[in-house]
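The structure comes next, followed by short notes on each topic.

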Amino acid sequence: MDHASDAVNLPPGAIYIREFLSREEEGAIEDWLDTGEWSNTLKRRVQHFGYLYDYRARAVNADAYLGTLPEWLETLAERLVTRGYAIDLPDQVIANEYLPGQGISAHIDCAPCFDDTIISISLLSQCEMVFRERSGSRSLAVVLRPRSGIVLKGASRYDWTHEIPARKSDVVDGAKVDRRGRISLTFRKVIQTTGKPL
Ligand SMILES: O=C(O)CCC(=O)C(=O)O
Ligand SMILES: [Fe+2]
């Protein structure tokens, strides 16, 4: 597998955003999430904003609307648009918390549910994200640094799966680095809701 330490080697269509957040914002987001309610239904803790995503149905159900994004997330969503990373304003965000040893298995974000731009912002710990081409044997790994963002659109969104290996450490620039607790915020725009599984 090809290892890219600082996102020189991304799947086609992906964009790596260095230092999307300041350290102050990173701390403030942690505090905002602390005041919210984490769901424990998955192995990792999550909070959903805007719309609830139904992991079992792999759908955004018709009754899933939770309301507009809170102001602190709306500000970040607007920044993604003003900086040109998203064309339409994201209206759905999932916060994921990964303790060392936790990850997310290979997947493609629901294609009918969300538009073509998925953006994940990393906080508090590095981790490796692994991409695998669906109709091929290519794979590559990118180290996501705290406060960075990764935009998945085009082929990187639809033709490659992404995953975070469930490990306690990553190899960064040839050195083993222990993971700390990581939080990510994934921004999406809902384009289709349904009451039925897709
Ligand atoms: O934690 C991340 O950066 C990725 C999360 C993700 O892939 C997802 O929620 O679909
Ligand atoms: Fe994803």
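## Where the ligand sits

Ligand 1 sits in the largest pocket. A molecule sits in a pocket if more than half of its atoms lie within 2 Å of the pocket's grid points. A pocket is an open set of points on a 1 Å grid over the protein atoms alone, with protein on both sides within 12 Å along at least five of seven lines.

The model is predicted: local features need pLDDT of at least 70, side-chain atom pairs count only at pLDDT 80 or more, and totals for chains, interfaces and linings use all residues. Residues are numbered from 1 along each chain as its sequence is written, chains are lettered from A and ligands numbered from 1 in written order, and side-chain values use heavy atoms, without hydrogens and water.

## The shell and its contacts

Of the 13 residues around ligand 1 (a heavy atom within 4 Å), those that come nearest are Y98, S120, R182, S184 and R188. Strand β13 gives the most to this shell, four residues.

Polar contacts are pairs of N or O atoms within 3.5 Å. An oxygen atom of ligand 1 lies 2.6 Å from a polar side-chain atom of Y98. For D109 the corresponding distance is 3.2 Å, and for an N or O atom in the side chain of H162 it is 3.0 Å.

## Salt bridges

With a side-chain nitrogen of Lys or Arg within 4 Å of a carboxyl oxygen of Asp or Glu as the rule, there are 13 salt bridges. One of them joins E128 and R167, with the closest N and O atoms 3.0 Å apart. E128 is in strand β7 and R167 in the loop between β10 and β11, so the pair ties together parts 39 residues apart in sequence.

Conventions
Polar contact = N/O pair within 3.5 Å; in protein donor to acceptor, adjacent residues only side chain to side chain. 1 Å grid on protein atoms, 1.4 Å probe; cavity = no way out; pocket = protein on both sides within 12 Å on 5 of 7 lines; lining within 4 Å. Helix = DSSP H or I, 4+ residues; strand = E, 2+ residues; numbered from the N terminus.
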